Amino acid sequence: MSKAFTKETDTDGDDDDGSGGAVPALPAGSKNYITPDGYARLRDELLQLMDEERPKVVEAVHWAAKNGDRSENGDYLYGKKRLREIDRRIRFLTKRLEIAEVTDPSVHHGRDQVFFGATVRYIDESGDERSVTILGIDEAQSAKSQVSWISPIARALLKSREGDVVKLVTPGGAHEVEILSVSYPAPRPAAA
């Protein structure tokens with residue numbers, strides 16, 4: 001059969017998250033906790049996609065469609081693929097923002113107990129000292145030492161206090177970590 005008679009498919013067409021499956025799903029029955037800054041970043045990305053990027057790609061696809069044979073028109077084919085990616089990301093962001101539970105970690109400023117939004121410095125059994133910030137699934141970036149609140153380390157640390165030793169269960173076995181310090185961002189001054 002000729003390539004012209006086969007249906008083009010997306011390998012990740014059903015995940016609807018616009019990330020190729022890189023973002024974990026929320027645990028059943030849990031809330032989508034997110035900081036105010038994380039919410040603002042996602043909202044800004046959504047608005048940028050809808051107001052700027054999508055209209056540009058639609059215009060490019062419309063232009064390319066007028067150039068004749070679409071089956072061999074690279075601008076048209078790439079534009080349609082990019083448009084599907086943008087639409088998928090818009091759907092994902094819209095769904096996530098609708099169920100977002102905005103939680104301001106600065107309300108815990110000055111406390112020594114670990115809650116959502118805390119930056120925790122800890123030491124493990126081998127003496128390695130690390131620091132992580134516990135954030136929402138959609139905003140945590142491991143390259144910046146940020147972990148999702150559903151990650152094993154975050155679940156082990158949550159509700160503990162400075163000086164506590166907690167058990168971290170990993171695929172490699174159980175380990176103990178000692179919490180050295182807990183900090184939160186300072187509250188923002190009220191707008192005048």
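Modeller: I would begin with strand β6 (residues 165–170), which pairs with β7 in the antiparallel sense over six bridges; here two strands pair if DSSP finds at least two bridges between them, and strands (E, at least two residues) and helices (H or I, at least four) are DSSP runs numbered from the N terminus. This is a predicted model, in which local features need pLDDT of at least 70 and side-chain atom pairs count only at pLDDT 80 or more, while totals for chains, interfaces and linings use all residues. Residues are numbered from 1 along each chain as its sequence is written, and side-chain values use heavy atoms, with hydrogens and water left out.

Two residues lie between β6 and β7, which form a hairpin, and within this pairing Leu168 stands opposite His175 in β7. Strand β7 (residues 173–183) is also joined by six bridges to strand β3 (residues 119–124), again with the two running antiparallel, and there Arg121 has Ser181 of β7 as its bridge partner. These strands belong to a chain with three helices and seven strands, which follow the pattern β-α-α-β-β-β-β-α-β-β along the sequence.

Because Tyr33 lies in strand β1 (residues 32–34) and Phe116 in the loop between β2 (100–102) and β3, the pair ties together parts that are 83 residues apart in sequence. Tyr33 also forms an edge-to-face pair with Trp149, at 5.3 Å centre to centre and 80° between the planes; Trp149 sits in the loop between β5 (146–148) and α3 (152–157), 116 residues from Tyr33.

As for exposure, buried means under 20% relative accessible area, exposed over 50%, and partly exposed in between (1.4 Å probe, protein chains only). Phe116 counts as buried at 10% relative accessibility, and Trp149 counts as buried at 12%, whereas Tyr33, at 27%, counts as partly exposed. Of the 192 residues of the chain, 32% count as buried.

Notes. Phe/Tyr/Trp six-rings, centres within 6.5 Å; stacked < 30°, edge-to-face > 60°.
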